Amino acid sequence: MTPFAIAIILVVALFVLIFIRMPIALAMGLVGAVGYVQLSSAAGLMAYLNTAWVDKFMSYDFAVVPLFILMGHLATNSGISASIFAAARAWIGHLQGGLAMAAVAGCALFGSISGSSLATASTMTRVAMPEMRKHGFSSALSSGALAAGGTLGILIPPSVVLIIYALLTEQNIVKLFLAATIPGILAVIGFILAISVYVRLYPDEGPTSERADLRQRLRSLRDIWHVVLIFVIVLGGIYGGFFTPAQGAAIGVVLTLILGHLKGKLTRRKVIDSLVDTAGSTAMIFAIVFGADLFNVALALSRMPVEVAEFFAGSGIPPMLILLSMVVFYLVMGCLMDSLSMILLTVPVFFPTIMALDFGLTPEQLAMWFGIISLIVVEMGLITPPVGMNLFVISALAKDIPMIEIFRGTLPFIIAEFTRIAVIISFPALSYWLVDIVAN
């Protein structure tokens, strides 16, 4: 049996294990180990395992992952979300569907210090859902806005999945953060426009609420200036080159800890809970990363990624058609897998293929463009049935809302996401324009 045939069998076996609900980290690690033995030797596998853990996770670059996760947990336990939603409500809550728009804006701002879609969705749901329901918003619109708004945590910097993509493809984390900024802003605008169109068609589902006066609006800003300060210091310092992403994440942790203490919300118990939750989340992510690494090493031994890249590069198939095929694959798999696992599983094969094609971009621009497209499509997987993780988060927190209503509520936002994907694919410069501006 040829190495390429073995690689195909490994991929099929992996998907079978995933579909029978084996944990993704264990599935990738098990299939990777079997593939390694088949393509090399058991002794080679033992030698690899003897050093891989240390080589992988003692890397300074990986320190940024638990630090940003800890920053997100501290922000969640500090009660920051309530102040963020109150500020957004004060400024746009009086519009038709304004509370849903405020929820999206709140998710964007909270996501800028959380970096996690699930944390953003669950935290903002606890704050915004009761208010929307109290003011007569439909269950569909309320849950749809919060599920879609939660996805902003995966793209708006700092994003854990974006960091993992950078490490996988050996790209500059700072430049990828900058590249994600404009697409992230487009997401917020697209979601707000989707709400605006929806409430024009169904005005009873998103009524207006009372208008806040200027004094209330200014007071609301007073309650969130700390959040804006943390965002500016952390990301501004990283973009400005004053400190590395890992140093910026550490500074963000300290500032969030101080803010939570000053607000009186971050008790010793909550700090301990944040540390424990961070340890659990980090262990889960690192287990998936290691399983994916073992699987990808087996694929590398088979030369499958290289052969696939060479095939498509010389096939004469239009590069855009190949890219669109990958997007369709991501959309289908996004209904079945979580975002991190999908990135870890596909990027080692898809990335070399894309880099071998001619899109008229520099290698760095192409890497950023493909990364943003991948994250946007993966982001959609969080709100597409049947396994959209954000949908289940909303359902768990709002048990009286039928799942079919949550699915219905996400449809306008899925349409908005398709539109954004089309725009980013049609205008690649949106993914690297800001990077070029800062570099020059």
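# Briefing: cavity, pocket, core and helices

L323, M326, V327, Y330, F370, I373, S374 and V377 line the largest cavity. Two helices, α16 (319–334) and α18 (363–381), each give two or more residues to that lining. The model is predicted. Mean pLDDT for the protein is 85, and 98% of the residues reach 70 or more.

**Confidence by element**

- Helix α10 (residues 173–201) has the highest mean pLDDT among the elements, at 91.
- Helix α19 (residues 389–397) has the lowest, at 78.

**Cavity and pocket**

- The count of cavities of 30 Å³ or more comes to one.
- The volume of the largest cavity is about 30 Å³.
- The largest pocket holds about 790 Å³ of space.
- Its lining has 30 residues. Nearest the centre of the pocket lie S116, L118, A119, S281 and M284.
- Helices α4 (64–77), α7 (117–134), α9 (160–169), α14 and α17 each supply at least two residues of the pocket lining.

**Nonpolar core**

- The largest nonpolar core has 149 residues. V65, F68, L152, I195, W369 and F370 touch the most other members.
- Helix α10 contributes the largest share of this core, with 14 residues.
- I195 contacts G97, A100, M101, V104, L141, A145 and F413, leaving aside neighbours within four places in sequence.
- Two of these partners, L141 and A145, are among the buried residues of α8.

**Helix α8 (residues 139–150)**

- The end C-alpha atoms of α8 are 16 Å apart. Its twelve residues should span 16 Å at 1.5 Å a residue, so the two values agree.
- Twelve of the twelve residues of α8 are buried, so the helix is mostly covered under the cut-off of under 20% relative accessible area.
- The buried set is S139, A140, L141, S142, S143, G144, A145, L146, A147, A148, G149 and G150.
- The cover over these residues includes α6, α7, α10, α19 and α20 (403–426).

**Helix α2 (residues 24–39)**

- Helix α2 has 16 residues. From first C-alpha to last it reaches 22 Å, close to the 22 Å expected at 1.5 Å a residue.
- Its buried residues are I24, A25, A27, M28, G29, V31, G32, A33, G35 and Y36.
- What covers them includes α1 (3–19), α3 (42–57), α14 (268–302) and α17 (339–355).
- Both α14 and α17 also supply at least two residues to the lining of the largest pocket.

**Two buried helix residues**

- I113 sits in helix α6 (residues 98–114). Its relative accessibility is 1%, so I113 counts as buried.
- Not counting residues up to four places away in sequence, I113 touches M71, G72, A75, I80, P158, V227 and I230.
- I113 and L411 are 298 residues apart along the chain. Their C-alpha atoms are separated by 27 Å.
- T346 is found in helix α17. With a relative accessible area of 5%, T346 is buried, because the cut-off is under 20%.
- T346 touches F329, Y330 and F351, again not counting residues up to four places away in sequence.

- Most residues other than glycine have a negative phi.
- E170 lies in the loop between α9 and α10.
- E170 has 73% relative accessibility, so E170 counts as exposed.
- R303 lies in the loop between α14 and α15 (304–313).
- R303 has 41% relative accessibility, so R303 counts as partly exposed.

Note on methods: Residues numbered from 1 in each chain as written. Predicted model: local features only at pLDDT ≥ 70, side-chain atom pairs only at ≥ 80, totals over all residues. Heavy atoms only, no water. pLDDT = per-residue confidence, 0-100. Helix = DSSP H or I, 4+ residues; strand = E, 2+ residues; numbered from the N terminus. Expected span 1.5 Å × (residues − 1). Buried < 20%, exposed > 50% of the residue type's maximum accessible area, 1.4 Å probe, protein only. Contact = heavy atoms within 4.5 Å. Core = buried A, V, L, I, M, F, W, Y, C linked by side-chain atoms within 4.5 Å. 1 Å grid on protein atoms, 1.4 Å probe; cavity = no way out; pocket = protein on both sides within 12 Å on 5 of 7 lines; lining within 4 Å. Points joined across faces, edges and corners; volume = space filled by probe spheres on them.
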